[in-house]
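Reader: I would like to go through this model with you. Could we begin with the salt bridges?

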There are 2 protein chains.
Amino acid sequence: MASSFSPEKSRVPPAIESPVPPVSKFMIGLCQLSVTADKERNIAHARLAIEEAAEKGAKLVVLPEIWNSPYSNDSFPVYAEDIDAGADSSPSTTMLSEVACSLKITIVGGSIPERSGDKLYNTCCVFGTDGKLKAKHRKIHLFDINIPGKIVFEESKTLTAGGTPTVVDTDVGRIGIGAHLLCYPGAFNMTSGPLHWELLQRARAVDNQLYVATCSPARDAGSEYVAWGHSTLVGPFGEVLATTEHDEAIIISEIDYSLLGPRRTNLPLQKQLRGDLYSLVDLQRLNSQ
Amino acid sequence: MASSFSPEKSRVPPAIESPVPPVSKFMIGLCQLSVTADKERNIAHARLAIEEAAEKGAKLVVLPEIWNSPYSNDSFPVYAEDIDAGADSSPSTTMLSEVACSLKITIVGGSIPERSGDKLYNTCCVFGTDGKLKAKHRKIHLFDINIPGKIVFEESKTLTAGGTPTVVDTDVGRIGIGAHLLCYPGAFNMTSGPLHWELLQRARAVDNQLYVATCSPARDAGSEYVAWGHSTLVGPFGEVLATTEHDEAIIISEIDYSLLGPRRTNLPLQKQLRGDLYSLVDLQRLNSQ
């Protein structure tokens, strides 16, 4: 192949090399939870699901997007917690920290509405096996949709977008972007769910040749925003490894990082990037250098 | 939404605005052709299929990847034509030009092996309704795959990659990238076909919110490289509008550009690009300015 391709220049700054994952295989648990208007119940209910997943062998447990509150612009300010202000101000993340530590598991805590100063964010906290907060990701691309007669929802009405992509090293590998595993706690709906939910997670798995784990709230046909469900684990060829329907469920499935190397050898996409023709620039990293 | 997002900066140079398409609706014909070792037969056979598609109302006809030659590294040098050297040197494109002019249709002529000097390319010619060559696209990302026990194929062994993306204005709209319609003449195989063929075309349609038309050779179980088939038209929400199995077939289906505006309003993806965080740089356009 022509050496003038410069695939190494297709990302500016260069993609960060992923380290060798600290484990090769492990079990992941995706908790597709029912969510009610009762926050205390939601927190206790999530704790039980995490405990059940861990008992079944999960070393990494993923919760859905907005699992402690109804998914609605009216609810976000009411259910929001000040995560940075400490334990009493955020019972949801306090529970996650406690259960991660006591069960010695990693938790990608889906997301909850976060209050910080006068702003609200859709925020995902990652806790390590020692119960410490390893990363806090504020949703960067807010979800706005307007399909007349089908669904109208604008997160941007009440929420502020985060400004930083998140990549975090955990006991079960690097999670995030340019990583071993993409975790996407997401509450798709009955319109874009059947259209795009499985499609987009499979596409991102194939494009990046890694595992994609999605976790949705269970469907509640009576809620204002009806979630699609169908939490799923996708492998690095875009293959659906485990999935479920829309009811509450816990998916336990194996992630085998040793497949990443062969898959990237099988289809050498990274070598085919055309750094002579295009670059994807990470402005944040560029400006921080 | 925060104005600091700078979505307009997410592409450098900025994405070229698509013009209003010269037609709103039209019929597209995808000719999934059987391909043999007999080049003369392949050319005559393609002509018949184009004529049939036009008779059924198609204003744009798309042929498969490598439709005049078996898809193999041994065949490419033997079947290659010198497109730039004129009519006698390229009977395949001469036929396309004649039939485009006589039927007053636009043809995306799939691809044929092209010889240019001492190099071979996988080249797609686009002919306008006047029979003139409007664009010649040399495949930029060559297809290399190596899945032991399943499939090994390396286009890069014999072919040279092209160096220029192609966007062409035709009587049926702008075809290419940042356009109204992506045309992908592709010969997927029995391994990556079931895995990725429909997935990737639907993903690109959703990501870019436009029509994607793919055209494969028909499957020939006896050939060295067995094509997957399943030529397909996908709409701007990723919906499969028309498809077929693996046998020879002509798909006739409607493209309605008037859906592009509403779809882009329904899911305002372009407004959500984070030009503050990342840029996709078109180095070719940047360097030519």
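Author: Over all chains the count comes to 26 salt bridges, a salt bridge being a side-chain nitrogen of Lys or Arg within 4 Å of a carboxyl oxygen of Asp or Glu. This is a predicted model, in which local features need pLDDT of at least 70, side-chain atom pairs count only at pLDDT 80 or more, and totals for chains, interfaces and linings use all residues. Residues are numbered from 1 along each chain as its sequence is written, chains are lettered from A and ligands numbered from 1 in the order in which they are written, and side-chain values use heavy atoms, with hydrogens and water left out.

Reader: What does the side chain of A:E65 meet in a salt bridge?

Author: Its partner is A:K139, with an N to O distance of 2.7 Å. A:E65 lies in the loop between strand 3 (58-62) and helix 2 (75-79) of chain A, and A:K139 in the loop between strand 7 (133-138) and strand 8 (144-147) of chain A, so the pair ties together parts that are 74 residues apart in sequence. Helices (H or I, at least four residues) and strands (E, at least two) are DSSP runs, numbered from the N terminus.

Reader: How many salt bridges are there between chain B and chain A?

Author: There are two. A:D207 forms a salt bridge with B:R204, and their closest N and O atoms are 2.7 Å apart.

Reader: Which element of chain B gives the largest share of the side that touches chain A?

Author: Helix 4 of chain B does, with nine residues. By class, that side of chain B has 22 nonpolar, twelve polar and seven charged residues. Here Ala, Val, Leu, Ile, Met, Phe, Trp, Tyr, Cys and Pro count as nonpolar, Asp, Glu, Lys and Arg as charged, and the others, Gly among them, as polar.

Reader: And how much area do the two chains bury between them?

Author: About 3600 Å² is buried between chain B and chain A, 61% of it on carbon and sulfur atoms. Buried area is the accessible area (1.4 Å probe) that two parts lose on being put together, summed over both. In contact (heavy atoms within 4.5 Å) are 41 residues of chain B with 41 residues of chain A.

Reader: At what angle do the axes of helix 4 of chain A and helix 4 of chain B cross?

Author: The axes of these helices (residues 192-208 in each chain) cross at roughly 110° and come within 9 Å. That makes helix 4 of chain A roughly perpendicular to helix 4 of chain B, a term for angles of 65 to 115 degrees. The residues of this contact divide into ten nonpolar, two polar and six charged.

Reader: Changing topic, where is the cis peptide bond in chain A?

Author: A cis peptide bond joins A:V12 and A:P13, with omega about -15°. A:P13 lies in the loop between strand 1 (11-12) and strand 2 (25-32) of chain A. In chain B, the peptide bond from B:V12 to B:P13 is cis, with omega near -15°.

Definitions and conventions
Axes fitted to C-alpha atoms, helices over the stretch in contact; angles between N-to-C directions. Parallel < 35°, antiparallel > 145°, perpendicular 65-115°, else oblique.
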